[in-house]
Amino acid sequence: MGSTQIVVVGGGYAGCMAANRLARRTDRDDVSITLVNARPDFVERVRLHQRVAGTGDAATPLTDLLNPRIRVVIGAVDRIGDGELSLSGGATVPFDRLIYAAGGAPRAPEGTFAVGDPEQAGKAQQVLAGLGDGARVTVVGGGLTGIETAAEIAETRPDVSVAMISDGEVAASLYPSARRRVQRELDRLGVTCERGRYAGPGDADLVLWAVATDVSELAARSGLAVTEDGRVQVDEYLHSLSDPRIFAAGDGAAVPGQRLSCQTALPQGAHAAANLARELTGKPPRPYSMGYTGQNVSIGRRRAVIQSARRDDTPIRVWFGGRAGAAVKEVVCRMAKTVAGTGRYAWLPAPR
Ligand SMILES: Cc1cc2nc3c(=O)[nH]c(=O)nc-3n(C[C@H](O)[C@H](O)[C@H](O)COP(=O)(O)OP(=O)(O)OC[C@H]3O[C@@H](n4cnc5c(N)ncnc54)[C@H](O)[C@@H]3O)c2cc1C
């Protein structure tokens, strides 16, 4: 085993990218890399609405995605201590340096299922499969995850009625004309949209929670400096503000100006790994910088809207939809997984 022990916590987009990039950029004789993840699979969270609707699975064994040099430990980290992780079963994993990539942990109200949680998405699939003709499904959230979920179910199960509840405008992050296109597609699929706050299941047979804002409580529990919502506070190099041995990346990191997405998790994981590799060879870390290209939203399996944006994430008039959009969206999802599995990634810098 190498003399410097690096541990990556979390095997999502940020964690797999970071571990694979470290494997490419460090010497196996000097450095050992361990990735700790709560489950044995890499879950493509961007496909969890497909898991709910039964149109595609989202899981790949981590060992298929990670460089063989990386040791995989399956277990939930209970606490990050001083140079040692404690797992919930009592085992410990020592570390010299750590990349925190524990990501999102959606919490849904009682009686609803969080689309962003792999296990709850699986349970929701079972409930949906058991629903009969005329049953009612409610999707809470009018952002891109809510749209993808409502559309996927409406397309697959035309026998159930699908309603979406949103306290803001549906698809608010898109350019107005793209937003109207999304609305037309939802109308075509028979999804009804209601403006308001969720006030309980009412007569719905299945309620899906598609409001993804919560993150793992691990960082707060471990005493790292976190924001009010539990994200690790980082400096411009992605070091934890309270422990410079630790880098943070992905949904669980509070990187200013970054939207929760795999579009940001991948470059953050790559950058944290590259900076860590530099520090191990005595080189100074480099500041993190990332510019956006756009957003995309699937509307069932046959339609999508692909929205371009300025590098500051402002949507612009340039967008397209339809079947070409669906094909592009599928390529983007596949590419996100592929690059996480290679550790190779390039991205635009932030605007000046
Ligand atoms: C339905 C849906 C559609 C989406 N579509 C898009 C899209 O089109 N484009 C886009 O850019 N983004 C999209 N997103 C958001 C995107 O999926 C997330 O931003 C992204 O997954 C964040 O990656 P991550 O690596 O930070 O975290 P995650 O993917 O959440 O990975 C975190 C990993 O850490 C593990 N973990 C957590 N806590 C512990 C612990 N205590 N111990 C051990 N392991 C732990 C988890 O098991 C998980 O494997 C979508 C999300 C959803 C739910």
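The model on screen is predicted.

**Stop 1**

Where the domains touch, domain 1 contributes 4 residues and domain 2 contributes 5 residues.

The size of an interface is often given as the accessible area lost when the parts come together. For domain 1 and domain 2, the area buried between them is about 320 Å². Carbon and sulfur atoms carry 25% of that area. Now select D214, R259 and Q263. On the domain 1 side, these residues provide 89% of the area buried against domain 2, more than any other three residues.

**Stop 2: the shell around the ligand**

Select the ligand and show what surrounds it. The shell has 32 residues, and the closest are A14, N37, V77, D251 and K329. By type, the shell contains 12 nonpolar, 15 polar and 5 charged residues. Keep the domain colours on: domain 1 and domain 2 each place at least three residues in this shell.

Next, show the helices. Three of them, α1 (13-25), α5 (144-156) and α8 (262-280), each bring at least two residues to the shell. Helix α8 gives the most, with 3 residues.

**Stop 3: backbone atoms facing the ligand**

In A14, a polar backbone atom is 2.9 Å from an oxygen atom of the ligand. For A102, the distance from a backbone N or O atom to a ligand oxygen is 3.4 Å. For G104, the corresponding distance is 3.3 Å. On its own, the ligand has 1000 Å² of accessible area, and the protein covers 89% of it.

**Stop 4: E330**

Finally, select helix α9, residues 322-342, and find E330 within it. Show the side chain of R334 as well. The side chains of E330 and R334 are joined by a polar contact of 2.8 Å.

Methods. Residues are numbered from 1 along each chain as its sequence is written. This is a predicted model: local features need pLDDT of at least 70, side-chain atom pairs count only at pLDDT 80 or more; totals for chains, interfaces and linings use all residues. Side-chain values use heavy atoms; hydrogens and water are left out. A residue is near a molecule or strand if one of its heavy atoms lies within 4 Å of it. A polar contact is a pair of N or O atoms within 3.5 Å; within protein, one must be able to donate a hydrogen and the other to accept it, and residues adjacent in sequence count only if both atoms are side-chain atoms. Accessible areas come from the Shrake-Rupley method with a 1.4 Å probe; for residues, only the protein chains shown count as cover. Helices (H or I, at least four residues) and strands (E, at least two) are DSSP runs, numbered from the N terminus. Ala, Val, Leu, Ile, Met, Phe, Trp, Tyr, Cys and Pro count as nonpolar, Asp, Glu, Lys and Arg as charged, and the others, Gly among them, as polar. Domain bounds come from an automatic or database domain assignment. Contact means heavy atoms within 4.5 Å. Buried area is the accessible area (1.4 Å probe) that two parts lose on being put together, summed over both.
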